[in-house]
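Please find below a short note on the structure under review.

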Amino acid sequence: MVNHYKEISSVRLDYRCLEPADWPFFKALNQDRHVMHFISDSRTDEEIRIQSFEKRLQPWHKGSEHWLCLVMRQKNTDTPIGVTGFIERDEGIAEVGFILAAEFHGQGFGSESLKDISRFAFNTLGYRKLTATVTSGNEASRRTLFNAGFHQEGTLRQNYFLHGRWQDDWIFGLLSEEFRY
């Protein structure tokens, strides 16, 4: 694994790989019903650890079948504010994602992190397209993606089972030649 993650930063944010010591923060994010409302139903500690956390601890390289998971921090602090990253979906295509702790919603950190991650994915790793999937109704994430330059490409009807029923998913995309940051 080539560690280029130090190259990812912005005016307000720094990033580092997810580490075992991040378990309490990761678990708290995944158990916050406000944060996870459009992402996941309630899960036990064990489900979160096995299905999400441990897989994201593995070393990542282009072509990995698991998520690159980076912890977002405000510059000059060790306090995590969220996680971000991507997973390779096809040749030259990666799907991005982010989760912010509730107290950091509405401050532009989501858009800033998407721009940072997009710059890294396009300029350092050479991806040609980034995608994102958002459960319909999640207007905050939709605005965040638009602010980062993504375009809504469509809707997958009844695509994701959440809250006891099938939900639509909004699909977003950003091509490398459209990226302006």
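1. Across the whole structure, a search returns ten salt bridges, a salt bridge being a side-chain nitrogen of Lys or Arg within 4 Å of a carboxyl oxygen of Asp or Glu. The model is predicted: local features need pLDDT of at least 70, side-chain atom pairs count only at pLDDT 80 or more, and totals for chains, interfaces and linings use all residues. Residues are numbered from 1 along each chain as its sequence is written, and side-chain values use heavy atoms, with hydrogens and water left out.

2. Arg 16, Glu 19 and Asp 22 are joined in a network of salt bridges. Between Glu 19 and Arg 16, the closest N and O atoms are 3.7 Å apart. Arg 16 is buried at 18% relative accessible area, whereas Glu 19 is partly exposed at 37% (buried means under 20%, exposed over 50%, partly exposed in between; 1.4 Å probe, protein chains only).

3. Lys 27 pairs with Asp 45 in a salt bridge, with closest N and O atoms 3.5 Å apart. This pair links distant parts of the chain, 18 residues apart: Lys 27 lies in helix α1 (residues 23-31) and Asp 45 in helix α3 (residues 45-57). Helices are DSSP runs (H or I, at least four residues), numbered from the N terminus.

4. Asp 78 forms a salt bridge with Arg 73. Asp 78 is exposed at 64%, while Arg 73 is buried at 15%.

5. Helix α4 (residues 109-124) is mostly covered, with twelve of its 16 residues buried, among them Phe 109, Leu 114 and Phe 120. After α4 comes Gly 126, with a positive phi near 80°.

Note on methods: Helices (H or I, at least four residues) and strands (E, at least two) are DSSP runs, numbered from the N terminus.
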